[in-house]
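Colleague: I am new to this one, so please walk me through it slowly.

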2 protein chains.
Amino acid sequence: MAMISPSRRVRRTPFSDGVEAQGVKAYTVYNRMLLPTVFESVEYDYRHLKEAVQVWDVSVERQVELRGPDAGRLMQMLTPRDLRGMLPGQCYYVPMVDETGGMLNDPVCVKLAEDRYWVSIADSDLLLWVKGIAYGYRLDVLVDEPDVSPLAVQGPLADDLMARVFGEGVRDVRFFRFGMFDFEGNTFAVARSGYSKQGGFEIYVEGTENGMPLWNALFDAGKDLGVRAGCPNLIERIEGGLLSYGNDMTRWNTPHEAGLGKFCSTQTAIGCVGRDALLRVAKEGPVQQIRPISIDGGLPPCDRIWPIVVNGKKVGQVTSAANSPDFDTGVAIGMVRMTHWDEGTKVQVDTPDGMRDATVLEKFWI
Amino acid sequence: MAMISPSRRVRRTPFSDGVEAQGVKAYTVYNRMLLPTVFESVEYDYRHLKEAVQVWDVSVERQVELRGPDAGRLMQMLTPRDLRGMLPGQCYYVPMVDETGGMLNDPVCVKLAEDRYWVSIADSDLLLWVKGIAYGYRLDVLVDEPDVSPLAVQGPLADDLMARVFGEGVRDVRFFRFGMFDFEGNTFAVARSGYSKQGGFEIYVEGTENGMPLWNALFDAGKDLGVRAGCPNLIERIEGGLLSYGNDMTRWNTPHEAGLGKFCSTQTAIGCVGRDALLRVAKEGPVQQIRPISIDGGLPPCDRIWPIVVNGKKVGQVTSAANSPDFDTGVAIGMVRMTHWDEGTKVQVDTPDGMRDATVLEKFWI
């Protein structure tokens, strides 16, 4: 691995001082901001995440705020998911598409009020698309990036740690719901969500100045729980089938190819700019789709597309891969053509370390 | 410095194999792609750039292509620079603004034909803004990112090296013009431009598969010229006053604050979405503006805003800084309020290593 050069352009977060004090070893850049990727080691962090509780700086999940009388109309223009039943206090996972049905992002939408939403984005400048659409349609809506930085608390002991800092009421927050909770005079939205399968919360911390006090309070309260700084874990997220926009799907893919057809109500999502383009794929289904892939042998880091081949012909591609200690195999996410996507199909994967035998699966490992 | 984690999401370039073979030591991430920042050392690379010739992988300057009958109209909507006199074969530096006059990017626009432009972007997903505007206005234009990756050849010996590979005719390309030149059966746009003050060219390499053959040809042809792999150099670009979007100006700044008023013809740039917002600032001038700042004493890396203070009051901020061997001072770019922007004004800069004496200048060092 090479080093990452410092610059203001690659933004620090409200929690960067804490992340550095906890000995972060590597970063990626996500939404032009630092996202920690390794503290002790990917394998150590993985084990700890599954057994204890971690605090994650996921400020890179920037918010796009929509506020004003047309906020609801604009939200529906952005996604093929039908939002008519969405209530304030709910979080929806919403694939976002352009006019061709190509994915622009796969954020979590937080409905704060009938006329106010936060879109908690994956890695693309969704703000620019939303601003362009709002301007082109002359909508009565303010679109901006507020000073909000999510902090995640993940792992089996997350409820215990959170209850110590935010009170017992936090245990009652249901999955993909949020409540408003007080911390030292501020009130933050706290959602039961997060980019792991180990359970936990995401705190939408408003105000950069409130970042480190909350960070420190969580570490102080969690000493006997073995709390550590963590981050989205490559192995755990692949095992759990958590997709990564830019890795596993891009603007060239539809939500249906990404396996997100269940979040699309293309018939009734009236006003969605990609609706017409997606109607046919919604009816007939995609010709390629994301699948879990089990790969034999130790794997190198996956920093580029690995072709999936059968008899010398490309039938798909792997885009995320890691060696899983718990499942004792290479775990991977790939896009596979329908001719080879059935459970148990034997394929080969062309890695930089050579060709590997692999099996297409139907369900992720956990 | 921490390490950078590999992933497909942080894209490799057509030249990455060459960059690695030449021993790249550090990267930044720019437009979700790898941009080398250090080969030998920033200081060594700096000296070599000023004395010889370097080949730079600047694939991160992604292109946004506008093609179709409304391409010209759309281009003018994006920028306050008057484009009426622009001819095919010209390159224009075009600040791009949103409806509030806030800068979204500061790309170089390459006019390939009356109905076809490449916008060679700085670090923001300008594609999404352009697509949103085009969709909202129902313009007859295709907007996409083509498979084009710029390769820069920079330094005093750039003309000699380029003539060996593209023929003597390349010497006749004028500044910010481009010509079409052949290389092994392909024809590439070759512009006299680049992100240094040492002179040179940018080759718009179409087709990923054509990247490494050209890279290798340049290194083979330049052995006796001492050609090396290089990259935009932090020290040299600050000395030369080359701004960096995301570092020195952001969406919160107008082009006039960035000192780019000379590229704005706000009165006549009819159709520019930010025209109304910029009319007043164009007339009265900004209240803060970018200035070169000379800072005493050795400087740490500048990875965040450094406040500029006078008598305990903030009067601006430094956003890029480095130690200059040639000018024997800390060279910096900052945004300074009009009360303190006059040449020679003494200020202090609040760095992580302590308060430093500094002087506001009018002209960059070279």
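Modeller: I would begin with H4 of chain B, which is largely enclosed by the rest of the structure because nine of its eleven residues are buried. A residue is called buried if 20 or more other C-beta atoms, placed from the backbone, lie within 10 Å of its own, exposed if there are 12 or fewer, and partly exposed in between. Helices (H or I, at least four residues) and strands (E, at least two) are DSSP runs, numbered from the N terminus.

Colleague: Before we go on, what sort of model is this, and which pLDDT limits apply?

Modeller: This is a predicted model, in which local features need pLDDT of at least 70 and side-chain atom pairs count only at pLDDT 80 or more, while totals for chains, interfaces and linings use all residues. Residues are numbered from 1 along each chain as its sequence is written, and chains are lettered from A, with ligands numbered from 1, in the order in which they are written.

Colleague: What is the mean pLDDT of chain A?

Modeller: The mean for chain A is 97, and 100% of its residues reach 70 or more, where pLDDT is the predictor's confidence in each residue, from 0 to 100. The model also scores ipTM 0.97 and pTM 0.97.

Colleague: Back to H4(B), then: which of its residues are buried?

Modeller: They are B:Leu126, B:Leu127, B:Leu128, B:Trp129, B:Val130, B:Lys131, B:Gly132, B:Ile133 and B:Ala134. Just after this helix, B:Arg138 takes a positive phi of about 50°, and B:Arg138 is a residue other than glycine. It lies in the loop between helix H4 (126-136) and strand S11 (142-144) of chain B.

Colleague: Is B:Arg138 buried or exposed?

Modeller: B:Arg138 counts as exposed, because 9 other C-beta atoms lie within 10 Å of its own.

Colleague: How many residues of H4 in chain A are buried?

Modeller: Nine of the eleven residues of H4(A) are buried, which leaves that helix mostly covered. Among them are A:Trp129, A:Lys131 and A:Gly132. After H4(A) comes A:Arg138, with a positive phi near 50°.

Colleague: Now the two chains: how many residues of each are in contact?

Modeller: In chain A, 44 residues are in contact with 44 residues of chain B, and contact here requires that the C-beta atoms of two residues, placed from the backbone, lie within 7 Å. On the side of chain A that touches chain B, strand S1 (3-4), strand S2 (26-30), strand S3 (33-38) and helix H4 (126-136) each supply at least two residues. H4(A) gives the largest share of that side, seven residues. By class, that side has 21 nonpolar, eleven polar and twelve charged residues; Ala, Val, Leu, Ile, Met, Phe, Trp, Tyr, Cys and Pro count as nonpolar, Asp, Glu, Lys and Arg as charged, and the others, Gly among them, as polar.

Colleague: In which sense do S1(A) and S2 of chain B pair?

Modeller: S1(A) and strand S2 (residues 26-30) of chain B pair in the parallel sense over two bridges, and strands are said to pair if DSSP finds at least two bridges between them. A:Met3 has B:Ala26 in S2(B) as its bridge partner.

Colleague: Switching topic, how many bridges join S13 and S14 of chain A?

Modeller: Six bridges join strand S13 (residues 178-183) to strand S14 (residues 186-191) of chain A, and the two run antiparallel. A:Gly179 stands opposite A:Val190 in S14(A). Two residues lie between the strands of this hairpin, where A:Glu184 takes a positive phi near 45°.

Colleague: And why is A:Glu184 classed as exposed?

Modeller: A:Glu184 is exposed because there are 9 other C-beta atoms within 10 Å.

Colleague: Last one: where is B:Val347, and what does it touch?

Modeller: B:Val347 belongs to strand S21 (residues 346-351) of chain B, and it counts as buried because it has 24 C-beta neighbours inside 10 Å. Leaving aside neighbours within four places in sequence, its contacts include B:Ile308, B:Val310, B:His340 and B:Val360.
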